[in-house]
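The exercises below are to be worked with the coordinates open. Each one gives a task and then a solution in steps.

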Amino acid sequence: MPDANLVEKPGQRVIGLMSGTSCDGVDLALIEISGSGLETRFKVQGKFHQPYSEDQKQFLLQCMDPRHSNVKVISQANFLLAGIWAGAIDSMLRHYGEKAADIDLIGSHGQTVYHQPQREDCQGLQVNSTLQIGDPSVLAQLTGITTVGDFRVADMAAGGQGAPLVPFFDWLFFSRFQKNMLILNIGGIANITYIPSDGDRMKVKAFDTGPGNMLIDQMMQRLYELPYDHNGAKASLGKRSDKLFAYLQKQDTFPDQPPPKSTGREHYGQDFVLSLLRKAIRWRIPEPDVLHTVTEYTAYTVWKAYRDFIGVEIESLVAGGGGSHNSFLLKRLQEFFTKIPVENVNHYGVDEDFKEAICFAVLAHECIQGNPANLTAATGAKRNVVLGKICPVNKS
Ligand SMILES: Nc1ncnc2c1ncn2[C@@H]1O[C@H](COP(=O)(O)OP(=O)(O)O)[C@@H](O)[C@H]1O
Ligand SMILES: [Mg+2]
């Protein structure tokens, strides 16, 4: 049973924690929250980003790569990450002059190291699985704050993909604007949530569209030894290679799959990028053109997802996530979506870099309240289920 005091306490203060597939760092948001479900109201009281060092990033990428990973590094990373995040929480609290004793709850997404939404044969049984590390129990013990983690597992056990989960937050937050809108998050992977003007939960559609920053970042690392294409500067110097674009369209089957669907580094990781790079070298495509083409493909897959699987007129496309800083990517999106304005989530009062961190604070709060927080239309689960595992701490 969740702590009864916490369930009934109004105006709880919750820290949300997100470490995405880009492995750029951890995002933290401190919110004060009241109500629940559609009545949820929150106020952001703090935001904090702690980047990973290059060594930490490489270690995490090693954990995620089945060829170089092993149980020892995953077990170590599970504890290591919780330690890094506890340090980040401490830094944030000190930055804002806050004390851990005044925080009620942490909601931590965890770091996905493996996500396999489709069932595969395993020992004669059809199994799907997902693994988020950065143990919530370790985090609870290190911070002294009750922590909710592992949100994806319950949805997957209920027949869903375990992803995407942010659409629940999108529905909670954006329904109030009463217009048909498409919310786009550009993290390592990109995903969209369609919010209907009448706010009907059953009409919400959401799924991963394909690459977000993942192809752009990997190409930048391989071609320029830089972590990402700042504001899309390199891509904007190049031009589109029709040949490489057609190759991408042919090779990549994910955008054609009907939803519910989710993807990750398992699909858009090293193998995908290396085969693309081999073609680019063979066809002597200049480096900025490769970046331009990959960025354009990223925008195209978002538009294709809307065209093929949403099929409803929208009034605006609202972009957030780190990729929304890539002005060239946004420009290409605007060209694909022609008359539909491409806006930033900032216009709606949500910081583009912290929406997901805020979301996991809200999801932790819903868990404590015992409210189901998966959108079955998005994840494909057979039923609505309460998400998360609660890791309590000793009462002082
Ligand atoms: N100014 C910028 N220009 C282009 N890309 C950016 C910029 N700032 C951030 N990014 C991209 O955003 C990524 C981080 O986005 P984020 O939303 O944290 O993704 P994730 O949830 O996968 O960690 C970076 O890896 C980078 O690719
Ligand atoms: Mg990130």
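**Exercise 1. A salt-bridge network**

Does Arg 332 count as buried or exposed?

Solution. 
- The model is a predicted one.
- Buried means a relative accessible area under 20%.
- Arg 332 has 16% relative accessibility, so Arg 332 counts as buried.
- Glu 296 has a relative accessible area of 4% and is buried.
- Salt bridges with shared partners link Arg 240, Asp 242, Glu 296, Arg 332 and Glu 335 into one network.

**Exercise 2. Salt bridges between separate segments**

How many salt bridges does a search of the whole structure find? Describe the pairs Arg 67 with Asp 271 and Lys 304 with Asp 256.

Solution. 
- The search of the whole structure gives 17 salt bridges.
- As background, side chains of opposite charge can pair when their charged atoms come close.
- One of the salt bridges is between the side chains of Arg 67 and Asp 271, at 3.1 Å from N to O.
- Arg 67 sits in the loop between α2 (54–64) and α3 (71–95), while Asp 271 is in helix α11 (residues 270–282), so this pair ties together parts that are 204 residues apart in sequence.
- Another joins the side chains of Lys 304 and Asp 256, at 2.9 Å from N to O.
- Lys 304 is in helix α12 (residues 287–309) and Asp 256 in the loop between α9 (242–251) and α10 (265–268), so the parts tied together are 48 residues apart in sequence.
- Lys 304 counts as buried at 9% relative accessibility, whereas Asp 256 counts as partly exposed at 47%.

**Exercise 3. The surroundings of ligand 1**

Which of the 20 residues around ligand 1 come nearest? List the polar contacts given by Asp 24, Asp 217 and Asn 231, and describe the shell.

Solution. 
- Of the 20 residues around ligand 1, Ser 22, Gly 188, Asp 217, Asn 231 and Gly 322 come nearest.
- Asp 217 places a polar side-chain atom 2.7 Å from an oxygen atom of ligand 1.
- Asp 24 likewise has a polar side-chain atom 3.0 Å from an oxygen atom of the ligand.
- For Asn 231, a backbone N or O atom lies 2.8 Å from a nitrogen atom of ligand 1.
- Ligand 1 on its own has 570 Å² of accessible area, and the protein covers 88% of it.
- By class, the residues of the shell are two nonpolar, 13 polar and five charged.

**Exercise 4. Strand β1 and its partners**

How many residues of strand β1 are buried? Give the residues on each face and identify the strands paired with β1.

Solution. 
- Strand β1 covers residues 12–18, and seven of its seven residues are buried.
- In a regular strand the side chains alternate between the two faces of the sheet.
- One side of β1 carries Gln 12, Val 14, Gly 16 and Met 18, the other Arg 13, Ile 15 and Leu 17, and all are buried.
- β1 runs antiparallel to strand β2 (residues 25–34), to which seven bridges join it.
- β1 and β2 make a hairpin with six residues between them, and Cys 23 in the turn has a positive phi of about 55 degrees.
- On the other pairing, β1 and strand β4 (residues 105–108) are parallel over four bridges.
- Val 14 has Ile 31 as its bridge partner in β2 and stands opposite Leu 105 in β4.

**Exercise 5. Backbone angles**

Where are Pro 164 and Pro 260, and what is phi of Glu 225 and of Arg 284?

Solution. 
- Most residues other than glycine have a negative phi, and most peptide bonds are trans.
- Ala 163 and Pro 164 are joined by a cis peptide bond with omega of about -10 degrees; Pro 164 is in the loop between α5 (152–157) and α6 (166–174).
- The bond from Pro 259 to Pro 260 is also cis, with omega near 5 degrees, and Pro 260 lies in the loop between α9 and α10.
- Glu 225 has a positive phi near 55 degrees, lies in the loop between α7 (214–224) and α8 (233–237), and is exposed at 71% relative accessible area.
- Arg 284 has a positive phi of about 50 degrees, lies in the loop between α11 and α12, and counts as exposed at 75% relative accessibility.

Definitions and conventions:
Residues numbered from 1 in each chain as written. Chains lettered and ligands numbered in written order. Predicted model: local features only at pLDDT ≥ 70, side-chain atom pairs only at ≥ 80, totals over all residues. Heavy atoms only, no water. Near = heavy atom within 4 Å. Polar contact = N/O pair within 3.5 Å; in protein donor to acceptor, adjacent residues only side chain to side chain. Areas by Shrake-Rupley, 256 points an atom, 1.4 Å probe, with all protein chains shown as cover. Nonpolar A, V, L, I, M, F, W, Y, C, P; charged D, E, K, R; others polar. Buried < 20%, exposed > 50% of the residue type's maximum accessible area, 1.4 Å probe, protein only. Helix = DSSP H or I, 4+ residues; strand = E, 2+ residues; numbered from the N terminus. Pairing = 2+ DSSP bridges. Salt bridge = Lys/Arg side-chain N within 4 Å of Asp/Glu carboxyl O.
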